[in-house]
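Please examine the sequence and the structure shown here. A report on selected features follows them.

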Amino acid sequence: MRHSTFFWFFAPTAAAMLLFIFFPIVSIVTQSIFVPHEAVLIESENCGPFGCKIETTVDQSATEQLRREKPLGRFAGTEIYTDRNHLAFGEVGEAWRASESLGAFFSELVDLPFYRAMAFTLTYTFVCTPFLIMLGFAVAVAVNSLHARLKGLMIFFSLLPMIVPPLIGALVLFWMIDSRGVLGQLISFLAADPGLSLKASTPLVWISLIVYGIWSSAPFAFVVFYAGLQTVPQDTLESAQIDGATRWQQIRYVVIPHLAPLMTFVALIQLMDNFRVLEPIIGFQAEAHAQSLSSFILTDLSGETQQLSSAATTSVLTIIGVAILLSPVLVRTWRDFRGGGH
Amino acid sequence: MFLKKFALAGAVALLSSTSAFACEIGARVSIVGNEFPAIQTVGAGAQECSGAEVSTNLTADHQKINVAGMSGNPAEYTSAIVANSSIVALMNEDVIRPLDDLVAKHGGGLQKNQLITINGKVMAVAFMANAQHLVYRADVLEKIGMEPPKTYEDMLAAAAKIRDMGIMENPVGGAYKAGWNLAQEFNNMYIGHGGEFFKAGTAEVSVNNEAGVATLNMMKALSEYMNPDFLTHDSNATNAEYRAGNVALMNMWGSRAATLVEAEGVSDEVKSGFAIAGPMTVAGGSTPATTLWWDGWTVAKNISDEEAEATFIAMTHAIRPDAIADEAKAKEAVWLIDGYEPTPAAVGVFAAAQAGSTPYPMLPFQGLLHTALGAELADFMAGKESAEQALADVEAAYTAAAKEKGFL
C-alpha cells in the first residue's frame, strides 16, 4: 500500500482516537496533577429561617483573584496519587513498620480504600473471567448440537442476560436475595437461620456479585464461541470420529485448540470490563461490602462537594491497572507481530 | 345602562384580581432542582409565568449537574433549588448572585425569615423547612403499654419490648444505607451527643472523641433491632418496611412523613396506627438528635440582569401565599410562606424547631466530611472494626480530601 493511501485510509481512525482517547487522557492526567487553590476562609454571620450563626465561608473575591491568576489551580504533582485516599504510600509504609506479622499488615492494608477496592476488584476479575469463559463455551457447544429448529429460540434465551440492562439485571437479583425475597428466604431456610441476610455478610455479597458478573457476561463469550464453532473444520472432526475419539476428546483436541485465539480475545475484553466493575455494586447497593475504582470515581463526583482531582487520579490509576492486567497478552501480541516478519 | 356598568365593573375587578396573580417575565427562566412533591409544586408555579420560556429540570441527581450547569457563561440554569447542605457547593464555586437589589424591587411578599443571608448578602430564598423526627405506630406502643419515646434510650427499651412480646422481629426502621444516609444518621446522633465536627474556626476535623464513640455505639445498638439488610436501606426502603407493617419506630424526614401511609396496599392497621412526634434526644442531652433543613432557590451569577430579574419574579410567584392555599399542596411540606397553617403532618418538624435543634452546618467543607463518614462508617456497622478505628479512618479520609480541595 502506498504511504499516502495508507495515510488517508487511517486518518479518520487516527482523528477519532486523538479526539476521543488521547485528549480525554491528557485532560484527566492534567486534572490529577493540579488541585483547587487554597480556599480563603473568613468568618461570617449567616442567617436563615432558624436564626443567625457565625460560620466559616469562602471569601469569594479573594478566591476569584487566585483563580484568575492561575486558572489550572495549584500544581500538586503526584501528591494526590500518594495520599491516603489513593495509593497511600505513607500509610502503607507505616502499616509495614508497625505490623508484626504479614496477616496484620494485610488487615491494615485493606482498611485503606484503594487496597480494599483492589482486593474486591481483583477477586471479582479473576474469578468471573475464567468461569464466564467456561460457561459461555459450554452453552455454545450445547446450543450448537441442538436441532436447527430449536437453535434460534435457545440463542435468544442464552442472550437474555446481555439484553437486560445491567442495572436492571442487578436489581432483579438484588430483590431476590433480599432477606424477604425468594432466594433470601430459601437460603435462610436451608441454613436453618431465620436471621441470615445475604446483604449483611461480606463473603455472601461478594459471591452474589460474582454470580451476577458471570451470569451477565457469559452471553458475550457464548456469542463469540458460537460464531467460532461454525468455522471448526468438519474434516478434522470427522477424522477424529473415525479414529474413535469420544465427544469429550473431540472438544478437547479439536474444538478448543481451534477456538484458542477467540478465548484469548474474550479473556482480554472481560479482564478489562471486569476490572472496571461498577453496575453490580450500584445495583446490589453493596457499597458497604465491595468497592471498586469506578465506584470511587462515582462517589467523588456525586458528593455534595465534587472532588475532581481525586476522581481524575483514580481514573489514571484505572488506566494503569488495565494496562498492567493486559500486559502479558500485549507483550505476546507484540512478539508475534515482530516474529511474523520472518 | 346600569347592567352594562355593572358588568364592566365586574370585568375590571376580575381583571385586576387576576393581574395580582399574573406573572409576566421578559427573559428565559431555567430551573434545576430535586424532585420531591413540594419542589414539583414550586417548579409548576414558576411555569405559570408568561412572556418567556420557563423550563425545569427536576431530578434526584440535581447535585451532579447544578454546579456544571451554572458555571458556564451564560449559565444553562438561571436558578437552582438547593438546601442548606447543597448551597455550599454553589457558594464555593461562586456561581450564584446576591439577591439584595431584587428583593428590594420585587420581594415585597417575602418574609424576613425566608431570606438566607451569608456575610450580610441575601444568597437564597427559602420556602420550606424539613427535619428528621420520630414516626411510630401508636397501636403497637399501646399494646406494649409504653409512651412514644422521647429519647433514643426509650426507643431501645420499646424496641426490646416489642420484640420480646413477639409483635415484630425488627421494630426499628433506620435509613442506614452506606453513603449519604448513614453519614446523616451519624450527624444527627453526634449532634445529639453534643459533639462538634470541627475544631472551632478551622477546617480541622475532630470526630474521633468520646461523643463520636458513644454515637457509633448507640447506632450499633439500634441496628440490632433493624432489618439485617439495614446497610442497604435508604429512606425509600425504610418507608416500604413501615408501610408493610414491619416497623413500629423510625426516624423519618418531615417531607416524607405526610404521605407515608398514602400508598397502595397499606393495611388499615398501619394507616390508623400512624403517628408523628418530635425528634428524640440521646444520652441525657437537651439538643435533639436531628438537624434542621431549609429548601430554597438561588439565582445564577453568570446570566444577564434581565434573566436574573425574570427568574426572581417567576420564583417569587411560585412561592406566593396562594400557591399553597390548596389543601393538598399545603400538606406537601412545612412551608415557610406567609399564611401557611401547619397541618397535622407538620408537628414533627415544628417540634424539632421548637426544641432548639441544630441546623445542618453550612460550612464549605461539611460535604467532604459527609462523604468521608458515609464511606468509612460501614465497616464499623458491619462489625468489621472498632468505633475508634472507624472514626480514625473518617478523619484520615476527610483530611486527605480537604487538603486536595485547599481547605487545609
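The sections below treat the basis of the model, domains, chain contacts and selected helices.

## Basis of the model

This is a predicted model, in which local features need pLDDT of at least 70 and side-chain atom pairs count only at pLDDT 80 or more, while totals for chains, interfaces and linings use all residues. Residues are numbered from 1 along each chain as its sequence is written, and chains are lettered from A and ligands numbered from 1 in the order in which they are written.

## Domains of chain B

The domain assignment of chain B gives domain 1 as 15–130 + 293–350 and domain 2 as 131–291 + 353–404; such bounds come from an automatic or database domain assignment. Taken over C-alpha atoms, the centres of domain 1 and domain 2 of chain B are separated by 29 Å. Each of the two contributes 21 residues to the contact, where contact requires C-beta atoms, placed from the backbone, to lie within 7 Å.

On the side of domain 1 of chain B that touches domain 2 of chain B, helix H4 (87–92), S5 and H15 of chain B each supply at least two residues. Helices (H or I, at least four residues) and strands (E, at least two) are DSSP runs, numbered from the N terminus. By class, this side of domain 1 of chain B has 14 nonpolar, five polar and two charged residues. Ala, Val, Leu, Ile, Met, Phe, Trp, Tyr, Cys and Pro count as nonpolar, Asp, Glu, Lys and Arg as charged, and the others, Gly among them, as polar.

## Contact between the chains

In chain B, 51 residues are in contact with 44 residues of chain A. The elements of chain B that each supply at least two residues of this side include H3 (62–71), H16 (366–376) and H18 (387–404). The largest share, six residues, comes from H18(B). By class, the side of chain B that touches chain A has 28 nonpolar, 16 polar and seven charged residues.

Strand pairing also links the chains: strand S2 (residues 41–48) of chain A and strand S4 (residues 115–118) of chain B run antiparallel and are joined by two bridges. Two strands pair if DSSP finds at least two bridges between them. A:Cys47 stands opposite B:Thr117, and the bridge partner of A:Asn46 is B:Ile118. Within chain B, S4(B) runs antiparallel to S5(B), with four bridges, and B:Ile118 stands opposite B:Lys121. These two strands form a hairpin with two residues between them, and B:Asn119 in the turn has a positive phi of about 55 degrees.

## Helix H15 of chain B

Helix H15(B) covers residues 347–354, and its buried residues are B:Gly348, B:Val349, B:Ala351, B:Ala352 and B:Ala353. A residue is buried if 20 or more other C-beta atoms lie within 10 Å of its own, exposed if 12 or fewer, and partly exposed in between. Their cover includes strand S5 (121–137), helix H11 (254–257) and strand S9 (291–297) of chain B. After H15(B) comes B:Gly356, with a positive phi near 75 degrees.

## Helices H8 and H16 of chain B

The axes of H8(B) and H16(B) come within 7 Å and cross at roughly 105 degrees; axes are lines fitted to C-alpha atoms, for helices over the stretch in contact, and angles run from 0 to 180 degrees between N-to-C directions. H8(B) is therefore roughly perpendicular to H16(B) (65 to 115 degrees; under 35 is roughly parallel, over 145 roughly antiparallel and the rest oblique). B:Trp180, B:Leu182, B:Ala183 and B:Phe186 in H8(B) meet B:His370, B:Leu373 and B:Gly374 in H16(B).

B:Trp180 is found in helix H8 (residues 180–192) and counts as partly exposed because it has 18 C-beta neighbours inside 10 Å.
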